Amino acid sequence: MNEASMTLFPFTKIVGQKEMKTALLLNIIDPGIGGVLIKGNKGTAKSTAVRSMAQFMPPRRVVEGCRFGCSYDGNGGFCPECSEKLKNGSILTWKTVPTKIVELPLNATEDRVSGTLDLEHILESGRRRFEPGILALANGNVLYVDEINLLDDHIIDLLLDSAAMGRNYVEREGISFSHPSKFILVGTMNPEEGDLRPQLLDRFGLSVEVEEEYHINSRMEVIKRRMEYEADPEKYIEGCKDELDELQERICGARKRVHEISVDDDAIRNAAKISSHFKMEGHRADLTLIRASRALAALKEKDSMSKEDFIEVSPMVLTHRLKKNAFEKASLSIDEVRRCLNKS
């Protein structure tokens, strides 16, 4: 656990909100799922859950001294600077760093997000140099955007394109540059403040809607835990260390296991049945159903996917992709998914 996360309320102590926590864990296990959009009113632990992920996410190996956070194993390719070193025969060294939550401010400009020319370096040396932006800082980490529905559409497009391609491409002022930018995109929003365009919603792998807890016993438990935490945050977090270490071990095991789970014809048929039944456009939903179900099976320490895995992830994958009328809330029936899969 890194120092920055030592004062955060622990992920494992968040009461309820199982679907939200599962969606976040599935993306850590397989970032190829495509991120998650979390909708909910204020006070539903959205930001707390996202920020506290830093307490248990496994560390990673990066190229030492790289300004773009290149993965040492070359996953996603190298930046031009690391590629140039390799071309010249240099040996890249590595170091272990914690996985971070990188937050994107709502007022971030395109230059701040994608990077820009280092004018000071140009004036001093006469040579052009690229100054990394937030997409470089996010490489290998989680990129978190609170109130993402209030972000400019062209910035959201930029984030989603980089998340999908795993690289940030910049064409500006006579300079062409690209660097790895593989990250898990997590957005949170309050639906009362407006929604995202359907085209943008579809680009998120998963979407969950968290609701206020009205059950008296659950509300009491939330209050008890919060008051105990606020009395002595460090002591409270220290008491959760074993839980957080166990969760990190589960994730590490699931990451190793997930790609060993075969995607057979039965799994593909399950995804196709569900997507066809709910009239999903394109094949993004089918692919995400398979990835999410496989990650869930890995999290459960299973060797193969089952229909129950597909049933459990279906609301997260499909709800934000369902066609609905204006002001109508999309919903998906688990029983309908089960009936669909059980048809011959």
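Is aspartate 161 buried, partly exposed or exposed? I looked this up first: with 34% relative accessibility, aspartate 161 counts as partly exposed, because that class sits between buried (under 20% relative accessible area) and exposed (over 50%), with a 1.4 Å probe and protein chains only.

**Ground rules.** I am working on a predicted model, where local features need pLDDT of at least 70, side-chain atom pairs count only at pLDDT 80 or more, and totals for chains, interfaces and linings use all residues. My numbering runs from 1 along each chain as its sequence is written, and side-chain values use heavy atoms, with hydrogens and water left out.

**Salt bridges.** I found 18 salt bridges in the structure, each being a side-chain nitrogen of Lys or Arg within 4 Å of a carboxyl oxygen of Asp or Glu. One of them joins the side chains of aspartate 161 and arginine 203 at 2.7 Å, N to O. This pair links distant parts of the chain, 42 residues apart: aspartate 161 is in helix H7, and arginine 203 is in the loop between helix H8 (198-201) and strand E11 (206-209). Helices (H or I, at least four residues) and strands (E, at least two) are DSSP runs, numbered from the N terminus. Arginine 203 is partly exposed too, at 23%.

Next I checked arginine 338 and glutamate 308, whose side chains meet in a salt bridge at 3.2 Å, N to O. Here helix H15 (residues 334-342) holds arginine 338 and helix H14 (residues 307-318) holds glutamate 308, 30 residues apart. Arginine 338 is partly exposed at 29%, and so is glutamate 308 at 42%. Within it, aspartate 309 and lysine 302 meet at 2.7 Å, N to O; aspartate 309 is buried at 0% relative accessible area, while lysine 302 is partly exposed at 26%.

**Largest pocket.** I then turned to the largest pocket, which holds about 1,400 Å³ of space. Its definition: on a 1 Å grid over the protein atoms alone, a pocket is an open set of points where a 1.4 Å probe fits, with protein on both sides within 12 Å along at least five of seven lines, and lining residues have an atom within 4 Å of a point. I see 48 lining residues, with Asp30, Pro31, Gly32, Asn75 and Lys182 nearest the centre. Elements supplying at least two lining residues each include helix H1 (18-29), strand E2 (60-63) and helix H7 (153-165).

Note on methods. Grid points are joined across faces, edges and corners, and a volume is the space filled by probe spheres set on the points.
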